[in-house]
Amino acid sequence: MGRLGNGRSGGAAATTRVGPGDPAPLGGDRGGANGEAEPQRSSEGWRLGAPRLPRPLVPRSGAELAIATRSRARGGTQVRGEEAGSQARGASPFDCSLASCLLRAWDPAHAGARRPPAPQAGPRPPAAPGRSPECEIERPERLTAALDRLRQRGLEQRCLRLSAREASEEELGLVHSPEYVSLVRETQVLGKEELQALSGQFDAIYFHPSTFHCARLAAGAGLQLVDAVLTGAVQNGLALVRPPGHHSQRAAANGFCVFNNVAIAAAHAKQKHGLHRILVVDWDVHHGQGIQYLFEDDPSVLYFSWHRYEHGRFWPFLRESDADAVGRGQGLGFTVNLPWNQVGMGNADYVAAFLHLLLPLAFEFDPELVLVSAGFDSAIGDPEGQMQATPECFAHLTQLLQVLAGGRVCAVLEGGYHLESLAESVCMTVQTLLGDPAPPLSGPMVPCQSALESIQSARAAQAPHWKSLQHQDVTAVPMSPSSHSPEGRPPPLLPGGPVCKAAASALSSLLDQPCLCPAPSVRTAVALTTPDITLVLPPDVIQQEASALREETEAWARPHESLAREEALTALGKLLYLLDGMLDGQVNSGIAATPASAAAATLDVAVRRGLSHGAQRLLCVALGQLDRPPDLAHDGRSLWLNIRGKEAAALSMFHVSTPLPVMTGGFLSCVLGLVLPLAYGFQPDLVLVALGPGHGLQGPHAALLAAMLRGLAGGRVLALLEEDSTPQLAGILARVLNGEAPPSLGPSSVASPEDVQALMYLRGQLEPQWKMLQCHPHLVA
Ligand code: Q9C
Ligand code: ZN
């Protein structure tokens, strides 16, 4: 048998357990673990300490089941769980935990011998001749490839590893029938023929004598992760498990899934932790119909799934995977399906789906926990999905979800069958969970027509149930014929064909590319003119003392009367030093302050300096009285977005002005429906966000804006504040720019009619140029 040696007793025997109260013996801080230089405070500004060598990993004595723990300590010292838990900010001591289950659930040699599953009703393509048995794609190497890559990147070392346990039969019973649990338990003692016969009663299922044990571990790993997050031991995490879960139903295995890991985690979070609102985001390329069925009448679980659908011609061929399945009874509106009717969906399509469909509903729902059915078969290269989203896209999806539920995100692996693509995408997800900024997205940010049709029909189906979608232009549009090929997309790839080979080499060169620019050694620096001892900062946020040279600062200040004063000059010098650190790639993000009277001039200098010292495209989000400098070149290198005042106006494609919404609901639709689509479409390499005179933005709103703008420009965001801003505002922005989750806004009020109107007007003006604003396809006359 192909199974690894540990067999059924592996769970208990071969575990490396290191709990939060018992910090990982591997030691070292974020910098140390990666061999990065450790930033240190100094009177000359931030400066770099000596780089540290990576520490060796503690050998795991050949354990096949390895659920261990690892911390990302803040600021260079290992923090014990309990001490950290009592810290003033109440932040979690660890950012991310990793639960994994490495047992070989299936034996390909064994499973390959079985007969094909019974044919399903509905249209389906004939099986391709000469293909290896489909069960071979769901193989143990998926986990080892992902874990190896995490280790190689130094990411695993930054995580706390949790030990998996088998879910109890009572826990399985939270979503499965006792008869079904017994049935699967019995498979442990069946012979090969019997296993094959039983497997044949389900669709795409291959039982093995170890299946029961492995599937209980997979469910148990998810429970461990949810417990760790909800008790505050960690902020978030990823459970690397197999078999996957989201197709599994109350009394049925399906699509490689035996027990529904994420559904069990959700039911457990409700039952054991008393949660009332759980968001499940299923980004696997298949419809998690199992999760949908289990919660379709339950308003406490909002289930979102996008999936390859092709008008019902793709597995599992279900009518109820379409956008008009929205839940039942009390659960009406709590099932959200986004069916993709063409293959080739990419970064722009996925981000548009989040901005225009998932996130408006998610903010309105206000979840206490986010569970992710994290299948990576929706990534480029996957033979099942045939989609084109690059691994970086999963960093963005993760980052966008981290603004919800105070950052409590538990991702659980589902599908993902291209080992290279899977490993990269898993790394992107974990890196983002650890708080690193997402790498910029590649490719044109233009959603295709078919994606827009899907997003629009899902919005139309959900509109009756969600305030955030009402009063918007969500009337149903006639669907165009399904035969047309997506805008600018290559045709679907046929395995082995020339197109496929070309795509494969393009993919491998894409994936092989080493990251040429090293991560900045300082993630966030704060340059304040009046150091405030009441400012509470995470220990790894650097307080910058240094300034640019006096003559240089004076030269930049000369054209501006308001910069003549000494205070203004001092502030400008510090800002210039910080900005240069960002442009040189030494600092990722920062905060600078300026006297209110000099805010506009300082921003003007920052923009010019940014554009003349290396930024190709600069996004400036200016709140309050900060006019775009009239003599700034209109060359498309800067996008100026002013949020203040009374009127909405698109003065040009690169100069947009909109009123600051009064209600939280209006603020959210402004950010999701205008600011981020423009920002993602512009693809800046530097972002300035300035809170100028009369900005009127509340702290939590400012934090949310900053957290979401961090998705742009690889997180190269400089926030400019007024000197007399509260230390609370500076503190919250520093923490968010440094990767902490913003506080959740709570139940959101509805947008005012004026806010809705302003937004609709601007979108109408700007949609032709900025395609990311669109959430409906263009009607062709
Ligand atoms: N024999 C997950 O990605 N394909 N499951 C069935 C009909 C099954 C995918 C084709 C694909 C299951 C978790
Ligand atoms: Zn899948």
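Axes are lines fitted to C-alpha atoms, for helices over the stretch in contact, and angles run from 0 to 180 degrees between N-to-C directions. The model is predicted, so local features need pLDDT of at least 70 and side-chain atom pairs count only at pLDDT 80 or more, whereas totals for chains, interfaces and linings use all residues. Residues are numbered from 1 along each chain as its sequence is written, and side-chain values use heavy atoms, with hydrogens and water left out.

**View 1. Packing of helix 12 against helix 13.** Helix 12 and helix 13 (residues 391-401) pack with their axes 10 Å apart and at an angle of about 15°, which makes helix 12 roughly parallel to helix 13 (angles under 35 degrees count as roughly parallel). Helices here are DSSP runs of H or I with at least four residues, strands are runs of E with at least two, and both are numbered from the N terminus. From helix 12, Asn347, Tyr350, Phe354, Leu358 and Leu359 meet Cys393, Leu397, Leu400 and Leu401 of helix 13, where contact means heavy atoms within 4.5 Å. The residues of this contact divide into eight nonpolar, one polar and no charged; Ala, Val, Leu, Ile, Met, Phe, Trp, Tyr, Cys and Pro count as nonpolar, Asp, Glu, Lys and Arg as charged, and the others, Gly among them, as polar.

**View 2. The aromatic pair of Trp340 and Tyr350.** The structure holds 20 aromatic pairs, in which ring centres of Phe, Tyr or Trp (its six-membered ring) lie within 6.5 Å. One of them, Trp340 with Tyr350, is stacked, at 6.0 Å centre to centre and 25° between the planes (stacked means planes under 30 degrees apart). Because Trp340 lies in strand 8 (residues 335-340) and Tyr350 in helix 12 (residues 347-365), the pair ties together parts that are 10 residues apart in sequence. Both Trp340 and Tyr350 are buried, that is, under 20% relative accessible area with a 1.4 Å probe and protein chains only.

**View 3. The loop between strand 7 and strand 8.** Most residues other than glycine have a negative phi, and most peptide bonds are trans. A cis peptide bond, with omega about 5°, joins Trp315 and Pro316, and Pro316 is found in the loop between strand 7 (301-308) and strand 8. Phe317, which lies in the loop between strand 7 and strand 8, has a positive phi near 55° and counts as buried at 15% relative accessibility.

Key
Chains lettered and ligands numbered in written order. Phe/Tyr/Trp six-rings, centres within 6.5 Å; stacked < 30°, edge-to-face > 60°. Buried < 20%, exposed > 50% of the residue type's maximum accessible area, 1.4 Å probe, protein only. Parallel < 35°, antiparallel > 145°, perpendicular 65-115°, else oblique.
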